[in-house]
Amino acid sequence: MAKKDRTFAAKLAHDQKKKEAKLCPVCGAGIQHAVLYEARYKNGKQWSPVRKVVDICDCNKDWVYNQVKK
Ligand SMILES: [Zn+2]
């Protein structure tokens, strides 16, 4: 999963440079966008990557990082 980690880190760093002013209405933290790739299995053997764009703030960052750290 090293490649996936690098991709995620690079994307996160890129978004941090943009410094979007968007704030989460729930926790008030700045929202960052990141792209996650998940493996979706078909018939238990074949799989294909599923691209997901997620908004990261204090509400869900623990969940998101857990997805990446596998
Ligand atoms: Zn939030």
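These legends walk through several close-up views of a predicted protein model.

**View 1. The whole chain, read from one end to the other.**
Here's the overall layout: the protein has 2 helices and 2 strands, and along the sequence they follow the pattern α-β-β-α. Helices (H or I, at least four residues) and strands (E, at least two) are DSSP runs, numbered from the N terminus. Residues are numbered from 1 along each chain as its sequence is written. Because the model is predicted, local features need pLDDT of at least 70 and side-chain atom pairs count only at pLDDT 80 or more, while totals for chains, interfaces and linings use all residues.

pLDDT is the predictor's confidence in each residue, from 0 to 100. Its mean over the protein is 80, and 71% of the residues reach 70 or more. Where pLDDT is low, the predicted coordinates should not be read in detail.

**View 2. The hairpin made by β1 and β2.**
Strand β1 (residues 32-42) and β2 run antiparallel, joined by 11 bridges; two strands pair if DSSP finds at least two bridges between them. They form a hairpin with 3 residues between them. Look in the turn for N43, which has a positive phi of about 60 degrees.

A residue is buried if 20 or more other C-beta atoms lie within 10 Å of its own, exposed if 12 or fewer, and partly exposed in between, with C-beta atoms placed from the backbone. By that count, 4% of the 70 residues of the protein are buried. β2 is hardly covered, with 1 buried residue among its 11. Over in strand β1, Q32 is partly exposed because 19 other C-beta atoms lie within 10 Å.

**View 3. Around V54.**
V54 sits in strand β2 (residues 46-56), and A34 stands opposite V54. These two are 20 residues apart in sequence, yet 5.4 Å apart in space, C-alpha to C-alpha. Two residues are in contact if their C-beta atoms, placed from the backbone, lie within 7 Å. Not counting residues up to four places away in sequence, V54 touches A34, L36 and V64. V54 has 15 other C-beta atoms within 10 Å, so V54 is partly exposed.

Since 13 C-beta neighbours fall inside 10 Å, D55 counts as partly exposed. Setting aside neighbours within four places in sequence, D55 is in contact with I31 and H33. C24 is 31 residues away from D55 along the chain, and their C-alpha atoms are separated by 9.3 Å. Across the protein, 37% of the contacts between residues at least 6 apart in sequence join residues at least 24 apart.
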